[in-house]
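Visitor: I have a few minutes and a structure to look at. Can you walk me through it?

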Amino acid sequence: MAILGAINPILTVGWNGDAAWRLRDYVKRGGYGALRKILEEKIPADQVIGEIKKSGLRGRGGAGFPTGLKWSFMPKDFKDGKYIVCNTDEGEPGTFKDRDILRNNPHAVIEGMAIAAYAVGAERGYNYIHGEIWEIYKRFEEALDEAREAGFIGRDILGSGFGFELFAHHGYGAYVCGEESALLESIEGKKGQPRFKPPFPASVGLYGKPTTINNTETFAAVPFVLNMGAEAYLEAGKPNNGGTKLFSVSGHVNRPGNYELPLGTPFATLLEMAGGVRGGRKLKACIPGGSSAPVLPAEIIMDCTMDYDCIGKAGSMMGSGAVIVMDETTCMVRALERLSYFYHEESCGQCTPCREGTGWMYRIVHRIEHGEGRPEDLELLSSLTANIMGRTVCALGDAAAMPVQGFLKHFRDEFAYHVEHGKCLVPPEVQRAGSTFFKAAE
Amino acid sequence: MLDIEIDGKQVQVPPGSTIMDAARALGAYIPHFCYHKKLSIAANCRMCLVQVEKAPKPLPACATPAANGMKVFTHSELAVKAQKGVMEFLLINHPLDCPICDQGGECQLQDLSVGYGGTASRYREAKHVVVAKDVGPLISMREMSRCIHCTRCVRFGQEIAGVMELGMANRNVHSEILTFVGRSVDSELSGNMIDLCPVGALTSKPFRYSARSWELSRRGSVSPHDSLGTNLIVQVKNGRVMRVLPRENEEINECWISDKDRFSYEALNSAERLQKPMVRVDGALREVEWNVALDYVAHALKDVAGKHGAGSLAALASPHSTAEELYLLRKLMRAMGSGNVDFRPRRSDFSSDGKRAGIPWLGLRIAEIQNLSAALVVGGFLRKDHPLFAQRLRQLARKAGKVSVVSVTGDESLIDLHARISVAPRNLARALAGVLKAAATRLGAAVPAGLETVEPCAQAQAIAESLTTGGKKAIFLGNVAEQVDQAGQLHALAADLSRLTGASLGFIGEAANSVGGYVAGALPGGEGLDGLNAREMFARPRKAYLLLGVEPEFDCANPREAVAAIKQADFVAVMTPFRDGAAMDYADALLPLAAFTETSGTYVNTEGRVQSVSGVCRPPGEARPGWKVLRVLGNTLALPGFDHESSEAVRDEFIPAGAPFAENLDNGVDLPLAPLPAASAGGLERIADVPIHFADALARRARALQKTRDAAEPVARIHPETLDRLGVAAGERVRVRQGPGEAVLTARADALVPPDCVRVAAAHATTASLGGMFGPIDVERA
């Protein structure tokens, strides 16, 4: 499965055939052209960063922070070694785009990282790859070998005098290591726990040195931005939301998988490309940006376009672009129970509100789902989310609280029904009808 | 300076300060658990969340840098709501059973929950339970469900103690504080984790459930153990010492105490305390009244002096005695006409006596250590001899100060060392000479005569480099440097090195009154009298011995020689707090002595600081403070000048009233460099450490300390190559011999011991039959 559909694709062009990931194919598609141009024409670093800024490229990992701005935070006169780190610790439930990028086009990431290194003056880089995707890690190592051999990374790249060493680092699968400072701790060989910020990684990062961390998809987009020009890239999306984005569609659709769309494409179009809701059922809700994004009911999401600003206005987040579709057979209490369990399990345990709060929330939702809810539980849940949000070391606390808030906001009646009747508003036989799990069991 | 406003009050703080620093400067209290002024910032408890103007979210005061013009509200609605929210989370899995918790009454969580906790819990699920752990004799981890994961204990280990004994494993609510598999928590500073723990998770094993904190009175005291003069709070209930805590003194011990300081009090309450005077009648010791005992001692001493001359009397005191005791002992002996007094039982080389410019001391104030650019410690088991002094050097090294060690083993110092040289004791002087020669060469100065054959090694060059560059430097001579045969030579070499490099020179000192004994003048000779020192008084046996708090079988440089001399004497009087020692065999009179919490007295620490303390409880039975016993003994002997009404009156005779520091502190020495000994002796050489919990009579009887790893029975540690050459396998029993003395020990391979050396600990019953701490030794398979 490479890519199931695309509109005006940029990132996924040429993703076909088993050899598309090879260096030869990538170069044939114009790969490493941007890096070569920068090095041969000695384009100043500031100009590269300016170009990225102009393109409106925003971080594809979830937070959507403007990439060019992030690069400009790196101290220019720091001479004692800086780092570039790629975050491929793709652990957010519903997200599966970065692994496909590394599987199908690893050299775009390598080129993007090399360009970033040039722009911020880094000499070393790491790609931190999620612990549960071993074959992708192996592929990236192979791609690195190819790039090293061809002289695209290493000492004195293309005879320019600029050097950049890049290494792959395999994680162990902790969700929290996708948080950039926990990821740095993990690379350093320590327990993956977020650091308190400030200082931010741009001033004190990996091994205490200034470090820029971007998502895989962000790095992969960099060569294309430079090749097509910032303005063209920006125009491919919409203002403040430059370019295209990969969307990982999962859940109750006919064709779950990755899709590349220009930012600003209506959700309805994406749903249609994904084959529509499975079994012709009615759309009930959608989590538009990975499991930590608040859920949106059908009537709201159907009016949205897929970009940072519109989804944000609708009360959710574009996040990593993981679109989880739920049809009318879904019990929302049960869905939240599973999500809450995930955040409870993945809390690193460092700071109090997250360590204690995620477990408490899960236990309450679990109780409600199992017919032991109490009338005061919904108020209690709301109050707990308020006590977690904004009070933790990293964003995992917020990520755990936001789904609870979203589910309660839009599907409060289902929770209330559960509490009152000790059972589901969606009858069990309807839930079973929509479940492949139960079908398999029968 | 930054101007910042907290709750409407202005305060100025230096750049780099946090909101918490500013609040502390202002005296405003922000609730917190994980924050501790001596530890790194973790910002994990979130209790110190405060509102900052223009910040959308509450921010942790401990980790948020103060900025100019910042306005902070610690009690605004937003701040208090955040703090209360955190408190609720902290309490959901914390047992709410304060009445049965050992920490109850002195628990930060309990205190703050009064202000920030709810009246009832909204949490109605089951509480998380954490399995109890056994981590050795000092710290109890039976109630880890109480842990709030502040990681103070973890950071203490990493940053202060230098060894990570505890860590936080697992994630989410399953996070728990663990040791490495099967390891105990009993490094020499571990006990401080009990104080740091804000809840009842880490508690003192010996103290647990023996008293409530509010039943205890808090009384100030000073540690009688190492030379730091650690300030203590002794907690007493019904006249009994229940526990010992640190008394904060930034100049000396900061807020820490060593485990020995903390747990040695158990010996005070031991069943083996001597409670009534005893005299030997017809070969058996009998309890008698004080007047009988004192008469007996006085008569016996006069008798011996009359028969054999006053020079046949000798007195030896422990350097852990109070300065008043040491002073009166010397006064008593001199008044009787004998100059045979000493308080340095573990010393074997006295060549610097009479050649010193003043009283040997640290050479600088303890608090100045943190400002050094480089420090060199010569000879010693730094970490175990002086735990908190080592801690100061550890912090210095963390701040990029260059700390080097020249010593007789490669023991882990837990300090990030700049350079280290480990040599056999006989080569200690040669190694130091190497540093001296390298420094002279670097500075273009003349190489002192006698060092022509010395070849400075790379490490010596590195040490010389650290001592000849940078700012303030210091050279410290440790315990071993004072105990070895070439102590005077090491002193002279170090003095030369100090003159050459401008580094200060100092002695760390072995015991609480290692400086105080000099101040009190408890030294041989003087006032026209000849005197035998601590070695000579046994090498040339006397007819009568008066022993003050010292146990020669453990405390003397050559215990076999000392005990032999004592056993042949006509009369031996022992002033001791205990009735279980070898003294029961050789003493003709035993006078029960008050221990350190039971007597007033003075300790002059290594930096010359005079610290007088009061007794905090009564001695058991008829035991009496040493100064009173000696004063009355003086009266009984009808000697002049023994009419003191208080220990202060005794002290005023030798320390000017109110002096904060002793006078005449000077480490200069007028000793020519003796020729260096040959590099190899051709045989095996003994290295004797004094294990931390064997070092004095009190520690030897502290039950919990005696169960720690540091109190393990001595073994013969030998370099693996030497072991091979001897044809002995590690783990085999070997017979070690020094002259006629021998002991059977287990051989252990230890690459940290220099080749051709055998490390056998001193101050233990199994090795008391051996000879000198350093010198030739034979090993054969037993």
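Visitor: Which residues form a nonpolar patch on the surface?

Guide: Phe65(A), Leu69(A) and Phe73(A), with about 260 Å² of accessible area together. Accessible areas come from the Shrake-Rupley method with a 1.4 Å probe, and for residues only the protein chains shown count as cover. Patches take residues with over 30% relative accessible area and no salt bridge; like charges are joined within 9 Å, nonpolar side chains (Val, Leu, Ile, Met, Phe, Trp, Tyr) within 5 Å.

Visitor: Ground rules before we go on?

Guide: This is a predicted model: local features need pLDDT of at least 70, side-chain atom pairs count only at pLDDT 80 or more, and totals for chains, interfaces and linings use all residues. Residues are numbered from 1 along each chain as its sequence is written, chains are lettered from A and ligands numbered from 1 in the order written, and side-chain values use heavy atoms, without hydrogens and water.

Visitor: Where does Phe65(A) lie?

Guide: In the loop between α3 (45-54) and α4 (67-72) of chain A. Helices (H or I, at least four residues) and strands (E, at least two) are DSSP runs, numbered from the N terminus. Phe65(A) is partly exposed, at 36% relative accessible area. Buried means under 20%, exposed over 50%, partly exposed in between (1.4 Å probe, protein chains only).

Visitor: Switching to the interface. How much area do chain A and chain B bury between them?

Guide: About 2900 Å², 52% of it on carbon and sulfur atoms. That is the accessible area (1.4 Å probe) lost by two parts on being put together, summed over both. In chain A, Phe196(A), Trp360(A) and Arg391(A) lose the most to chain B, together 24% of what that side buries.

Visitor: How many salt bridges across the interface of chain A and chain B?

Guide: Four, by the rule: a side-chain nitrogen of Lys or Arg within 4 Å of a carboxyl oxygen of Asp or Glu. One pairs Arg171(B) with Glu346(A), at 3.2 Å, N to O.

Visitor: Last one. Is Thr211(A) buried or exposed?

Guide: Buried, with a relative accessible area of 2%. Thr211(A) is found in strand β5 (residues 211-215) of chain A.

Visitor: What does Thr211(A) contact beyond its neighbours within four places in sequence?

Guide: Its contacts (heavy atoms within 4.5 Å) include Met74(A), Tyr83(A) and Leu184(A). The C-alpha atoms of Thr211(A) and Met74(A) are separated by 7.3 Å, though 137 residues apart along the chain.
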